[in-house]
Amino acid sequence: MEAKMQHYKEKYRPQFHFTPKEKWMNDPNGMVFYKGEYHLFYQYHPFGTKWGPMHWGHAISRDLVHWEHQNIALAPDEHGMIFSGSAVVDWNDTSGFFNGKPGLVAVFTHADTYPGTDRPRQRQSLAYSLDEGRTWIKYKENPVLADEEITDFRDPKVFWHHDTGRWIMVLAAGQSIHIYSSPNLKDWSFESAFGEGEGAHYGVWECPDLFELEAGDEKKWVMLVSLGDHPDVAYGSRTQYFIGEFDGKVFVSEADGADVRWLDEGKDNYAGVSWSDVESNRRIYMGWMSNWRYANDIPTKPWRSSMTLPRELVLERVCGEYKLFQKPIASLEGLREELFSLQDSLHVPAEYPLAGIHGASLEIVAEFEYEDHAEFGLKVRKSAEEETVIGYDAGRQELFIDRSRSGESDFSSSFASRDAGRIVSGDNRLKLQLFVDASSVEVFANNGELAMTSLIFPDPGSDTLELYSAGGKAVLLSLKIYTVNSIW
Ligand code: FRU
């Protein structure tokens, strides 16, 4: 009993991000909304705190903020481990699993090796649930899709395409995304491949997603593609996106081939995809808050890895071009407890208002006005020895997170870094919404135009805040600080 009560109080344990009680987790899987419940499955190794034989762990939420852990949904079997994949509501029982009623179907990768060799074999399989996701039955005729030529062949994300009245699957296939269609989730036909000459290719392509979003009066399709780690690249594993058109067969990106658009400019947002079947066509995304470069070595126990905050994805026009914006979902506001509110604007840091404010679990909403060459921002999780700097360098037009002195970092030489992303503000103003948890910071700039997600491992006692500026004037126009209550 006592040991149980210690859960969620451990050093570095996120207080408002999803983590398994214990053991290893990676990618979010099978995200689907059904009968008032958001399901989150995840790559899970129930017997260790490093990556190992993959299962699907499972949790359910009604608000995407508070989670209830469920039993393991899928375990390895004669076809191998259970790699990443998705889940859908089969509203019209196209699969025939549900006796004419709606039900949940999971589409995932079975991973083993070709008989008598150690060459990886990855094939797509189905499971269905007759009890609203509580337990899962694997389809007898698994696998349903295989390809003997392509070794990396995984992470099916499936959705119903209204215009053509068929299921569509996007699947990572080596350095491209394959698109398949099916009337019944069981029989799949190849439609097209996307990726050659498009975007970044330094690592293997993984975990695709494809969905439609409103773009002013029109609609556009967005494809997410995660890119595996490569030793020559400082960032490690990362996620890119493409905006374009999809006609039910072929996805065409609008970008110049060589253009790369990163979903996140921090280091720790990988393998994320969106929830299926969410009401009002909202597109809600969640990523794995880690990086393959050091994921197996981060200093947490008895669990390893956490998810990002859920974010709503929307397209907004910036300088004549659509960009994918990420907005932390509104239901997080329910966790707020106001700690500080600035009454009048002030020069940073001449009058110093934050002395005496402590917090390791915070949401900070601020707006700055700045001179052209100023650098300014906030230091969080601060003590004499440690600080994480979230700053804007107006000269370079760069938002950055500097975690080089953030706390424990000796588990990987890649960890202590300063990471930056470009964001241009026409009116010399910058809005920041910032979430600080026990072992992470997430920054959303200018209403979600730029997102940065980074792990940090500060001492629990490093809990003060500081405003700073250098090289030019910065004025704080507004500031609110909230304590974020624990979800556990
Ligand atoms: C991405 C990934 C997926 C794979 C899973 C295995 O992080 O490599 O491509 O299905 O992890 O756990």
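What is the accessible surface of the protein, and what percentage of it belongs to carbon and sulfur atoms? The accessible surface comes to about 19000 Å², and 46% of this area belongs to carbon and sulfur atoms. Accessible areas come from the Shrake-Rupley method with a 1.4 Å probe, and for residues only the protein chains shown count as cover. The model is a predicted one, in which local features need pLDDT of at least 70 and side-chain atom pairs count only at pLDDT 80 or more, while totals for chains, interfaces and linings use all residues. Residues are numbered from 1 along each chain as its sequence is written, and side-chain values use heavy atoms, with hydrogens and water left out.

The C-alpha trace spans about 70 × 60 × 45 Å along its principal axes. Of the 488 residues, 60% count as buried, where buried means under 20% relative accessible area, exposed over 50%, and partly exposed in between (1.4 Å probe, protein chains only). Among contacts (heavy atoms within 4.5 Å) with a separation of 6 or more, 61% are made by residues 24 or more positions apart.

Two strands pair if DSSP finds at least two bridges between them. Strands β14 (residues 218–227) and β15 (residues 238–246) run antiparallel and are joined by seven bridges. R238 in β15 is the bridge partner of L227. Strand β14 also holds E218, which is partly exposed with a relative accessible area of 38%. Apart from neighbours within four places in sequence, E218 is in contact with L213, R317 and Y322.

Side chains of opposite charge can pair when their charged atoms come close. A salt bridge is defined as a side-chain nitrogen of Lys or Arg within 4 Å of a carboxyl oxygen of Asp or Glu, and the count by this rule is 35. E10 and R13 form one of these, with their closest N and O atoms 2.9 Å apart, and both residues are buried. In the salt bridge of R336 with E363, the closest N and O atoms are 2.7 Å apart. R336 lies in strand β22 (residues 336–341) and E363 in strand β24 (residues 362–370), so this pair ties together parts that are 27 residues apart in sequence. R336 is partly exposed at 25% relative accessibility, whereas E363 is buried at 2%.

K379 forms a salt bridge with E387, the closest N and O atoms lying 3.8 Å apart. K379 is buried with a relative accessible area of 15%, and E387 is buried at 11%. Salt bridges that share partners join K379, K382, E387, R405 and E466 into one network.

How values were computed:
Helices (H or I, at least four residues) and strands (E, at least two) are DSSP runs, numbered from the N terminus.
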